[in-house]
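Let's take a friendly walk through some charged side chains and their surroundings. Please have a look at the sequence and structure below before reading on.

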Amino acid sequence: MIFARLAVISLIILNSEVIKGNEISGTFQVCNLQCSNEGETSPPVSDNILRASTLLRGKSGPRGDKGKVGHTGAKGAHGEKGEDGRQGVKGSHGAKGQVGRQGLKGEDGTSSNETLIEQLNNRITELESDATIIQQLQNITTKLESDATMIQQLQNRITELESDATIIQQLQNITTKLESDATMIQQLQNRITELESDATMIQQLQNRITQLEGESDVMKNLRPQNCSQIKEQNPEATTGKYRIYKHLFSDGEQVTCDMTSDGSLLQLKNCKEVFEIDPSATDGVYAIQINPSTTINVYCDMTGGAWTVFQKRFDGSENFRRNFNEYSEGFGDPSQEHWLGLNHIHQLTSQPGRWILRVDLETFGGETAYAQYEVFNVGAGTDYTLSIGSYSGNAGDSMEHHNGARFSTYDRDQDGYSGACSDIHNGAWWFTSACGYSSLNAFVYNDERYNKGMIWYYLKDSWTMPMKTTTMKIKTI
């Protein structure tokens with residue numbers, strides 16, 4: 001392939017000679033080595049190609065004796081005569097080729113052609129080198145593309161492995177959790193076994209205690225289990241308070257026993273009945289049965305006449321900002337600030353007899369007063385309608401306007417007013433369509449804001465004077 005390229009280059013050089021040799025005359029004629037006159041015509045181009053290929057192969061052409069040698073002496077035919085050197089291009093005076101080889105400094109066209117050939121050869125070499133580099137670059141590109149594919153595959157695999165690692169971590173976490181659960185389960189099983197063993201022992205002890213209690217007359221005397229045992233051991237016992245013991249290790253509880261017959265448990269329904277059974281009873285919390293299935297603890301004011309207390313406030317320790325359900329069921333400790341509950345108040349006032357209400361008040365200035373109503377009743381839920389009778393006392397009748405009202409709090413507005421009286425008075429009460437003149441369940445203790453505190457208006461004709469203590473209590477007559 002290189003040889004073919006050189007042949008083409010030679011053709012280009014020869015044609016260049018034609019151009020140079022005929023610039024002056026303006027014609028494009030080509031002279032071979034035998035031409036001596038400018039008017040002679042050149043051989044065909046094919047002969048020039050043949051001559052070029054022969055020259056490049058290093059062999060003498062058919063006419064080498066007459067000038068071929070001079071043509072190969074590219075560096076100086078007729079060096080001593082600069083003008084004759086120009087004719088050397090045409091191959092004339094071939095007989096003097098020996099001298100031409102010695103003209104090292106000749107400036108003839110043949111020297112220029114050889115330089116061009118050399119440059120072309122160098123360029124070919126460069127191009128071949130570039131081709132090699134290009135091929136190498138292509139190879140590198142192919143390799144890089146292959147590497148890129150491999151890298152992508154590796155990245156995909158890494159992603160898969162990372163996903164697998166996440167799953168493995170999750171499984172390890174689950175395994176750790178299960179191991180922890182298994183340990184806990186084992187501990188629970190051990191504890192259950194212990195408890196079962198304890199339960200068996202406890203049951204055995206209880207059975208033995210029951211046996212001893214049933215067999216021992218001494219035990220019956222010391223720790224009676226019911227009212228009938230008390231009556232049995234003491235036939236002269238009268239109706240009153242006694243302590244009975246459900247089992248050997250109990251502290252016992254105080255009950256009322258009806259001793260008019262063989263001795264039975266007397267279920268007291270209010271504080272007045274407690275007082276009637278035991279006139280020596282003092283103020284405190286007692287268990288009463290407000291209906292056959294419900295027993296509750298209430299505070300009994302025995303000093304004042306066996307009243308059952310359903311509302312008490314004196315220091316603001318109890319939160320009275322409660323919803324309707326809480327006001328229905330009650331809240332607080334009966335021995336402290338508390339509200340017994342609308343449902344319980346309803347069941348108490350539904351017992352036989354006429355119930356009266358007394359409200360005891362004390363101001364922060366130390367002034368005390370009371371209001372009493374000869375009829376008091378709270379209807380069934382969810383209205384819990386208030387019914388009161390005639391007033392007496394020195395606190396002023398601030399409940400009169402609330403007669404017939406339904407109970408309202410911040411989440412249940414039943415007052416009939418265009419707004420919400422519970423919001424206006426900041427409390428829960430039997431508000432009317434005009435809100436009213438009392439509100440003893442104010443949400444904030446000692447609130448002196450207008451119409452926001454524990455108000456009993458007619459005590460001082462004031463909307464801004466809250467009460468320090470309030471007690472609401474009932475009893476039958």
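R354 forms a salt bridge with E374, and their closest N and O atoms lie 3.8 Å apart. A salt bridge here is a side-chain nitrogen of Lys or Arg within 4 Å of a carboxyl oxygen of Asp or Glu. R354 sits in the loop between α11 (342-349) and β9 (355-363), while E374 is in the loop between β10 (368-373) and β11 (376-378), 20 residues apart. Helices (H or I, at least four residues) and strands (E, at least two) are DSSP runs, numbered from the N terminus.

This is a predicted model, in which local features need pLDDT of at least 70 and side-chain atom pairs count only at pLDDT 80 or more, while totals for chains, interfaces and linings use all residues. Residues are numbered from 1 along each chain as its sequence is written, and side-chain values use heavy atoms, leaving out hydrogens and water.

K473 belongs to strand β16 (residues 467-476) and D301 to strand β5 (residues 294-301), 172 residues apart.

Is K473 buried or exposed? K473 is buried, because its relative accessible area is 5%; buried means under 20%, exposed over 50%, and partly exposed in between (1.4 Å probe, protein chains only).

## A pair around N426

D447 and R449 form a salt bridge too, at 2.7 Å from N to O. D447 is buried at 7% relative accessibility, whereas R449 is partly exposed at 46%. Both are among the contacts of N426, where contact means heavy atoms within 4.5 Å.

How values were computed
Lists of a residue's contacts leave out its neighbours within four places in sequence.
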